[in-house]
Amino acid sequence: MIFGIVGICVLLAVLAFLVPRLSQHPERGTQRTLGAGSRAGGKAPGILGRILSKPFRSSSKAVGRSGSAGRRARGRMPF
């Protein structure tokens with residue numbers, strides 16, 4: 001699962017750098033999927049729910065950061 005998230009982050013960063021407008025839809029879809037996993041894991045009782053939902057929350061943050069970093073880098077290009 002870790003390699004999958006890293007691959008998605010790299011893919012979104014490259015996509016955001018090359019075509020910033022077209023990268024927003026895949027980023028939102030990925031975050032929506034990870035949000036569903038986080039909500040499903042959060043339904044477990046007590047501390048177990050927090051433990052099960054945390055990997056999905058942190059992965060969603062990473063996906064958002066990689067997409068925004070690609071768009072930000074594209075905006076800083078001199079040409």
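Select S38 to begin: leaving out residues up to four places away in sequence, S38 touches S53, F56 and R57, where contact means heavy atoms within 4.5 Å. This is a predicted model, in which local features need pLDDT of at least 70 and side-chain atom pairs count only at pLDDT 80 or more, while totals for chains, interfaces and linings use all residues. Residues are numbered from 1 along each chain as its sequence is written, and side-chain values use heavy atoms, with hydrogens and water left out.

S38 is found in helix α2. Helices are DSSP runs of H or I with at least four residues, strands are runs of E with at least two, and both are numbered from the N terminus. With a relative accessible area of 12%, S38 is buried; buried means under 20%, exposed over 50%, and partly exposed in between (1.4 Å probe, protein chains only).

Now show the whole chain. The chain has 3 helices and 0 strands, in the pattern α-α-α along the sequence. Its C-alpha trace spans about 55 × 20 × 20 Å along the principal axes. Of its 79 residues, 28% count as buried. Among contacts with a separation of 6 or more, 64% are between residues 24 or more positions apart.

Next, select E27, in helix α2 (residues 20-42). E27 is buried, at a relative accessible area of 9%. Beyond its neighbours within four places in sequence, E27 is in contact with L12, V63, G64, G67 and R71.

From E27, move to L12. Setting aside neighbours within four places in sequence, the contacts of L12 are S23, P26, E27, T30, V63, S66 and G67. L12 also belongs to the largest nonpolar core, together with I5, C9, L34 and V63. Such a core is a set of buried Ala, Val, Leu, Ile, Met, Phe, Trp, Tyr and Cys residues joined through side-chain atoms within 4.5 Å. Helix α1 (residues 2-18) gives the most to this core, with 3 residues.

Finally, select I2, V6, V10, V14, F17, L18, V19, L22, M77 and F79, a nonpolar surface patch with about 990 Å² of accessible area together.

Terms used. Patch = residues over 30% accessible without salt bridge, like charges linked within 9 Å, V, L, I, M, F, W, Y side chains within 5 Å. Areas by Shrake-Rupley, 256 points an atom, 1.4 Å probe, with all protein chains shown as cover. Salt bridge = Lys/Arg side-chain N within 4 Å of Asp/Glu carboxyl O.
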